[in-house]
Amino acid sequence: CVESRHIKNSGEHTMDPSASDCTFTSEYAWCVPAYVVIIPKITGAISLICSAYLAKLMISEEKKKPYHRLLLNISIADVLSSSVVHIIGSWMMPAGTAPLSRGNLDTCDAQGFVVQIILITIPYLNASLSTYYNLIIRYNWSDSQIAKVEKNLHIIPWLLGVLFSIIVLVAKQIVPGTWGCWFGNTQYPPDCDSVETCVRGWNSSYYFWPIFVIILLGPLYVAGSMYLVYSSTRKMERRMTRYSVNASQNSSQRSRKVMEQSLLFSAALLITLAFPLVEIVIAELGKPIPIWIHVLFALTNPLQGFYNLLIHLRRGNGFSLACKVPRCFNRESAEPKKSLQQTSATTAVPNSAIVHTNKDTTTSKHISSSVSFALEEAA
């Protein structure tokens, strides 16, 4: 594959369209057909439009909460990702290294710098959103409490992204990939064997694996955090059911809606990362990457902005409505609308149960108001 496809021309590697022994490995980006490079430009444009619209919705929100600001930050990152990584894509790669490649090493470095920022920033911004859900639902934090730490939720992901982008840029570890330049565990040119002949990516494994682990920690944190949100909500609902007769009617539905809302954002991130991780594993095993893996990568990876918009719009017809019927608690006063005696009369609760319930009135009010507040905040 190397001998048949590499044609040296003033130190550059160009495509040999007549070669037929392409194995679609990540080290030979020019082995992919043109449609694999074109697909992410289309899906990236869709994601760009959706992220821009979602950002507009967040900006126009009259009463902005941390949820709106976090989703705005994620949308901004996805606009950057969709435009530079996917739509521009192969145009910034060195000419001859992929279909539609028109750039050079300088444009490759510029694109790879942005790609590295996005690779870390977006997973960790989603981790910030997961942290917000945990603080609201699991720990019953108010908006004023979250405001004290919210700045860190916005800034830290971007700082990490910029820091590691500077590292890979200075170390000359940005190389051409499948449809754009990025930080990969390969060398450029692919057949180089020394620091003198390798223009980019020499000793790439010393940089790749530590940073790859850091990137992977983001989605792992998101997955674990979402599990804690669901399990914590279930526990609160079970405790609430013990003290409130009316609460038992909607407890399972509320918990399910909270779980869906929080897990969907997690799923959107994991879907975008699934096939890139599959490609990395296959390439590290030294196996050829099937073309259908490249196609699924191109279809799913650029669409996080599309997923996020659907999830946000779903809130209006899903979880929000579920919280409105029938509502037993008033968030303003955090008091039950009916007294426990009235509730027991309408539901034929024995007098002994009423006496027992009155002893736990304080606990009931605390648990009820906490769960109601948390569920409405998550909405």
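Is Glu 150 buried or exposed? Glu 150 has 7% relative accessibility and so counts as buried, where buried means under 20% relative accessible area, exposed over 50%, and partly exposed in between (1.4 Å probe, protein chains only).

Some background comes before the rest. This is a predicted model, in which local features need pLDDT of at least 70 and side-chain atom pairs count only at pLDDT 80 or more, while totals for chains, interfaces and linings use all residues. Residues are numbered from 1 along each chain as its sequence is written, and side-chain values use heavy atoms, with hydrogens and water left out.

The pLDDT is the predictor's confidence in each residue, from 0 to 100. For the protein chain its mean is 74, and 69% of the residues reach 70 or more. Confidence is highest in helix α2 (residues 34-60), with a mean of 92, and lowest in strand β1 (residues 7-9), with a mean of 33. Helices (H or I, at least four residues) and strands (E, at least two) are DSSP runs, numbered from the N terminus. Over residues 1-29 the pLDDT is below 50, and this stretch has 66 contacts in the model beyond near neighbours in sequence; a contact means heavy atoms within 4.5 Å. The pLDDT is also below 50 over residues 317-371, a stretch with 63 such contacts.

Now to a pair of helices. The axes of α3 (residues 66-88) and α5 (residues 143-170) come within 10 Å and cross at roughly 10 degrees. Axes are lines fitted to C-alpha atoms, for helices over the stretch in contact, and angles run from 0 to 180 degrees between N-to-C directions. The two helices are therefore roughly parallel to each other, the word for angles under 35 degrees. Residues of α3 that meet α5 include Arg 69, Leu 70 and Leu 80, and those on the α5 side include Ile 146, Glu 150 and Trp 158.

Side chains of opposite charge can pair when their charged atoms come close. A salt bridge is a side-chain nitrogen of Lys or Arg within 4 Å of a carboxyl oxygen of Asp or Glu, and the whole structure has 2 of them. In one, Arg 69 pairs with Glu 150, with the closest N and O atoms 2.6 Å apart. This pair links α3 to α5 across 81 residues of the chain. Arg 69, at 30% relative accessibility, counts as partly exposed.

Asp 109 and Arg 200 also form a salt bridge, at 2.9 Å from N to O. Asp 109 lies in helix α4 (residues 105-138) and Arg 200 in the loop between β4 (181-183) and α6 (204-243), 91 residues apart. Asp 109 counts as buried at 14% relative accessibility, and Arg 200 is buried with a relative accessible area of 10%.

Technical notes: Parallel < 35°, antiparallel > 145°, perpendicular 65-115°, else oblique.
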